[in-house]
Amino acid sequence: TTGAPEFAAEHPYLEGAHGGSLEGFLFPATYTVKPGVTAREVIEMMLDHFDRQMTGIDLTYAQSHGLDLVDVVIIASILEREAQLAEEFPLVSSVIYNRLAKPMRLQLCATVLYTLPAGTTSLTNDDLDEDSPYNTYLHDGLPVGPISNPGLAALTAAAAPADTDYYYYVLTG
């Protein structure tokens with residue numbers, strides 16, 4: 001199997017990735033893959049594409065709030081799962097930043113759903129009590145790692161959220 005440690009020399013942000021996972025850093029796009037290309041080469045293509053996309057994203061705002069690139073990717077991965085519409089990403093991102101600054105628990109369903117069996121769409125009270133490093137109902141701050149591979153709109157919103165005083169939201173779509 002291929003994991004983050006194998007790629008950390010060329011992509012230092014992968015150093016210490018939770019469980020050696022590449023989740024969050026494999027940029028979702030259409031790739032041309034010729035016969036005979038190895039899994040490692042495909043992963044490198046995706047990581048290189050992630051790097052190219054990130055060069056256009058200003059991390060100044062996130063850094064001013066004590067967040068680094070990995071934190072931005074974690075937030076972006078949450079936006080991909082928590083919000084259905086890209087135009088909602090900046091507002092949901094602002095709620096995450098505002099809750100982190102308060103401080104208050106994020107309490108986001110998408111982070112709890114990440115650890116549940118595929119296809120699970122609703123949570124029970126027992127799910128909310130499950131002790132997982134992704135359970136933002138039980139643990140302060142961001143989860144330990146990304147919960148999806150975010151696209152450009154989510155990464156942009158995670159780096160520079162809307163300017164709001166919101167702590168809650170209702171999603172549409």
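Tutor: In the classes used here, Ala, Val, Leu, Ile, Met, Phe, Trp, Tyr, Cys and Pro count as nonpolar, Asp, Glu, Lys and Arg as charged, and the others, Gly among them, as polar. The model is predicted, with local features needing pLDDT of at least 70 and side-chain atom pairs pLDDT 80 or more, while totals for chains, interfaces and linings use all residues. Residues are numbered from 1 along each chain as its sequence is written, and side-chain values use heavy atoms, leaving out hydrogens and water.

A pocket, on a 1 Å grid over the protein atoms alone, is an open set of points where a 1.4 Å probe fits, with protein on both sides within 12 Å along at least five of seven lines; lining residues have an atom within 4 Å of a point. Points are joined across faces, edges and corners, and the volume is the space filled by probe spheres set on them.

The largest pocket holds about 300 Å³ of space. Its lining comprises 13 residues, of which R81, A110, L113, Y114 and T120 are the closest to the centre. By class, this lining has eight nonpolar, three polar and two charged residues.

Helices are DSSP runs (H or I, at least four residues), numbered from the N terminus. Both α4 (69-82) and α6 (109-113) supply at least two residues each to the lining of the largest pocket, and α6 gives the most, with three residues.

For comparison, the second largest pocket has a volume of about 160 Å³. Among its 15 lining residues, A17, H18, V70, V144 and P146 are the closest to its centre.
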